[in-house]
Every structure is written in structure tokens, then in C-alpha cells.
Amino acid sequence: MQSKTAVIDFTMQSDKTEGLHVAIVMDGNGRWATRRGLPRVAGHRAGVAALRRVVERAPDLEIATLTVYAFSSDNWRRPRHEVQGIFWLMRVYLRLELGKLCQRGVRLQFIGRRDRLPLALLLDLAQAESATAHGAGLHLRVAVDYSSRDSIAEAAASAVNRLSLDLPVCTQLMRRALTEALTSEAGDVDLLIRTGGEKRLSDFLLWETAYAELHFVDRLWPDFDAADLDAALAEFSRRERRFGAVPRAMHTPIPSLGGAQ
Ligand code: FPP
């Protein structure tokens, strides 16, 4: 049963006009399975069901962009059969859900490295992106073979490339080029949720979470449901976001600077 959390007024909580950007570290699949005496991949399969629930609920909560951490570049260190199991589940999810995602106007995008993924998966990811490219509803970004440090290093390299014209590489130009390379269309994260009780970012969206509100929950990802998402958004709506400024009540306009700021 879904809870009746009121839709939040995101305009008070975000500098965006089109809805919130929520990011999720879907942690706890392995423990969920182990506690049940099941192989870890069974936890990932239950994790896919949780993802489906969250994707269905997100548009009701003014979430315009949802970025989920499905496979980090460090996850290659896991046993081969677990890695293959996760990739297989992604392909099954796309096979089973693509039609529904298109109908609901979900736009799928995969972020992360593409050069190390198995060809069959790569083709499915590309096909899903092109099939949903015109979706005007939820922008669902799935991080696969993703490392935030890698993407920052990559952006720095591409900024250097762009500036190695004849110009002397001036610091300000470099800063601007780097910032542009790092700022995706999805923009900054407003709220980052991590399930499974750990309190860390694990190399996920380090640039984009500069001012994100962080929400850590003990619940394991396969148990996470629409009511948990509602609760996270409700708590987020009570946070005061100041972006380095002062609380609203303390904000005194400076007349000599033209009145209200
Ligand atoms: C972290 O839990 C979870 C992952 C590394 C994989 C998440 C993958 C999915 C939910 C499937 C992705 C599928 C699609 C369609 C995007 P863990 O295994 O680290 O859990 P633990 O901390 O309990 O061991």
C-alpha cells in the first residue's frame, strides 16, 4: 500500500524548475540474500523489483531525474559469476520493462564507461537509450561501470584537449571548460539516498552532490518501497537548503546594492 505523503513543493528545495534530481546507492542486496540463505544474485534480483517500485513512484513526488548506482567500477572486483548475474539482470530488466518504460515516458540513459562491458549488454543499453530517447517524463540514469573520480579525470582530459589550440592554457578558461565538461544536463543532485546502513558515497556523483542533502537508511535495498521513498522526500522537504548563504529569516537586503537581493 502506498503512503499518502503530500507532494512536496520542490521549488522551495531546489534551484531547478523542472523537478528534483534524486540519486540512490542501492546497497544491501547481498546481505538481504545471505540472511535468507540465498545466493547473492537473488538479492540483486530482488533489488531490481525495488528499482521498479521506485521508478513507478518517482514521478508522483516531483522527481524529474533519478540516478541509480547499479554497478561501480570497483564492482569488477566481485566474483565473476556475481558480475555476470548483475549484467544478466540488467538485460532481463530491459527486455521485460522497455515497453512499459516507453509508455510511461521514461527516458533511459546509462552513465559510466562503455569500453569494458560485454557486447550483448552494450547493444541492449544502446537500444534502450534510443527507444526511450523522446521520453518526456522521468529521466532515469543508470550508472554502470561508473566511477566519479574517473569521470572527473576524463572531464579534465577533455577540457585540456579542447584548450590545446594555439591559446596559452589560461587558468580561467581551463576552469570554465572543466566545469562545463563536468556539468551534465541532469545537473546537481538534490537528494542522495543510500540504503543498507553504510554512510559513504563510494565514488558516486562526487561533483554533482556538492550541495545534495544526504539520507541514509538502514533498510536493505530489496526491502525499499514506495513508502520509504515518500519518507525520504518528506524528510528532505523539511531540510533547510542554504547553498552557503544565510537562513532566509536572517537575510537583510542591502539598500545601497539595489534593495532586495
Ligand atoms: C549493492 O549491494 C548492489 C549492487 C552492487 C548491484 C545493484 C544492482 C541492481 C539492483 C540490479 C541492477 C539492475 C538494473 C536493471 C539497473 P551489495 O551487493 O553491495 O550488498 P551488500 O552490501 O549487502 O553486500
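Trainee: How do I read the crossing of helix H2 (residues 40-57) and H3?

Mentor: Start with the axes, which are lines fitted to C-alpha atoms over the stretch in contact, with angles from 0 to 180 degrees between N-to-C directions. In this predicted model, local features need pLDDT of at least 70 and side-chain atom pairs 80 or more, while totals for chains, interfaces and linings use all residues. Residues are numbered from 1 along each chain, and side-chain values use heavy atoms, without hydrogens and water. Here the two axes come within 10 Å and cross at roughly 30 degrees.

Trainee: Are H2 and H3 roughly parallel or roughly antiparallel?

Mentor: Angles under 35 degrees count as roughly parallel and over 145 as roughly antiparallel, with 65 to 115 roughly perpendicular and the rest oblique. H2 and H3 are therefore roughly parallel.

Trainee: Which residues of H2 and H3 make the contact?

Mentor: Contact means heavy atoms within 4.5 Å. Val41, Val48 and Leu51 are among those from H2, and H3 supplies residues including Gly85, Ile86 and Leu89. The contact residues divide into eight nonpolar, three polar and five charged; Ala, Val, Leu, Ile, Met, Phe, Trp, Tyr, Cys and Pro count as nonpolar, Asp, Glu, Lys and Arg as charged, and the others, Gly among them, as polar.

Trainee: Is valine 83 buried or exposed?

Mentor: Buried means under 20% relative accessible area, exposed over 50%, partly exposed in between (1.4 Å probe, protein chains only). Valine 83 sits in H3 (residues 80-103), and at 7% relative accessibility it counts as buried. Leaving aside neighbours within four places in sequence, valine 83 touches Phe71, Asn75, Trp76 and Arg78.

Terms used: Helix = DSSP H or I, 4+ residues; strand = E, 2+ residues; numbered from the N terminus.
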